[in-house]
Amino acid sequence: MDENPSTGQNEEMMENVNDQEMAVTKGSLDGEPYLGMEFESEEAAKVFYDAYATHMGFIMRVDAFRRSMRDGKVVWRRLVCNKEGFRKLRPRRSENRKPRAVTREGCKAMIVVKKEKTGKWVVTRFVKEHNHPLVAIPANGRRSVLLSQTPDEKDVKIRELTAELQRERKRSAAYQEQLEMVLRDMENHSHHLSRNIDDIVQSVKQIEAKRIAASHC
C-alpha cells in the first residue's frame, strides 16, 4: 500500500440512493461503529457511516484513501466529520467581501476501514468524540448518501476514459483527414496515368496506321 494517504476533493451530491440496506455484515445502519465491524464493500461502509452521521447530527466527508501497489485499487479509506481539519487562510481579494463561515474546526471524529484478504471491509479505527455541538437532522430531512464525497477510483477512471476517448476522436479525425487527402492524391494520380495511357495508345494506333499505309504504297 502507499505510505501516505491521498486526500480527495468534494464530489457532486448523489440524488437518490435506493440501496441503503446493502451489505452490512454486522450491525445495522442505525448502530454505532466499533473496531472489527465488517462490511461487504467500501460503499456499504460509506452508507453506514453516512446514516450514523445523520443520526448523530453531523455531516460525513469522504477523506483520504490508499491504493494497493499491486493493482491500484482502493484498499483503505478514512471517513471523517466535515469539520475535520482547518481551512487554509487565503488573502481576501476585496475588503467588501464577507469572510466565509468557519466550517473546519479540527474535529477528530472518524472511522477507518480497510479491505482484508477475505474481501470484507473492516473498521480498524473509530473516534467517536466531536469537538463541536451536534445537530440532529430530522428523518424527513435526511441528506442523500455520500454527501461531499470525493472522487473514488471509479470516478477517476471514468474521467480518464472520457479524456482518452476525446483524444482518440481528435486523433481519428486527423487520420481521416489525412486518409482523404491520400485518396484524393491517388485519384488524381490515377486519372493522370489513365490520360497518359490513352495518349500512348493513340500514338501507337497512329504509328500503326502510318506503317500500314506505307506498306500499301
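**Salt bridges, strands and cores in a predicted model**

In this predicted model, the side chains of Arg61 and Glu84 meet in a salt bridge, with N and O 2.5 Å apart. The term salt bridge stands for a side-chain nitrogen of Lys or Arg within 4 Å of a carboxyl oxygen of Asp or Glu. Arg61 belongs to strand S3, while Glu84 sits in the loop between S4 and S5, so the pair ties together parts that are 23 residues apart in sequence. Arg61 counts as buried, at 7% relative accessibility, whereas Glu84 is partly exposed, with a relative accessible area of 21%. Here, buried means under 20% relative accessible area, exposed means over 50%, and partly exposed lies in between (1.4 Å probe, protein chains only).

As the model is predicted, local features need pLDDT of at least 70 and side-chain atom pairs count only at pLDDT 80 or more, while totals for chains, interfaces and linings use all residues. Residues are numbered from 1 along each chain as its sequence is written, and side-chain values use heavy atoms, with hydrogens and water left out.

Side chains of opposite charge can pair when their charged atoms come close. A second example is the salt bridge between Arg78 and Asp63, at 2.9 Å from N to O. Strand S4 holds Arg78 and strand S3 holds Asp63, so this pair ties together parts that are 15 residues apart in sequence. Both Arg78 and Asp63 are buried. Arg61, Asp63, Arg78 and Glu84 are linked in a network of salt bridges. The whole structure has 10 salt bridges. Another one joins Glu208 and Arg211, whose closest N and O atoms are 2.4 Å apart. These two residues are 3 residues apart in helix H2, which means that about one helical turn separates them. Glu208 counts as partly exposed, at 34% relative accessibility.

The overall layout comes next. The chain contains 2 helices and 6 strands, in the order β-β-α-β-β-β-β-α from the N terminus on. Helices (H or I, at least four residues) and strands (E, at least two) are DSSP runs, numbered from the N terminus. Of the 217 residues in the chain, 26% are buried. The chain exposes about 15,700 Å², and carbon and sulfur atoms supply 53% of that area; accessible areas come from the Shrake-Rupley method with a 1.4 Å probe, and for residues only the protein chains shown count as cover. Among contacts (heavy atoms within 4.5 Å) with a separation of 6 or more, 56% are between residues 24 or more positions apart.

What lies inside? The largest nonpolar core has 21 residues, of which Phe39, Tyr49, Phe58, Met60, Leu79 and Val113 touch the most other members. A nonpolar core is a set of buried Ala, Val, Leu, Ile, Met, Phe, Trp, Tyr and Cys residues joined through side-chain atoms within 4.5 Å. Helix H1 (42-56), S3, S4, strand S5 (110-115) and S6 each give two or more residues to this core, and the largest share, 6 residues, comes from H1. Not counting residues up to four places away in sequence, Val113 touches Phe39, Ala45, Val75, Trp76, Arg77, Trp121, Val122 and Val123. A second, separate core of 6 residues includes Ala64, Trp76, Val112 and Val127.

Val127 is placed in strand S6 (residues 121-127) and, at 16% relative accessibility, counts as buried. The C-alpha atoms of Val74 and Lys114 are separated by 9.1 Å, and the two residues are 40 residues apart along the chain. In the loop between strand S3 (60-67) and S4, Ser68 counts as buried at 14% relative accessibility. The side chains of Ser68 and Asp71 are joined by a polar contact of 3.4 Å. A polar contact is a pair of N or O atoms within 3.5 Å; within protein, one must be able to donate a hydrogen and the other to accept it, and residues adjacent in sequence count only if both atoms are side-chain atoms.
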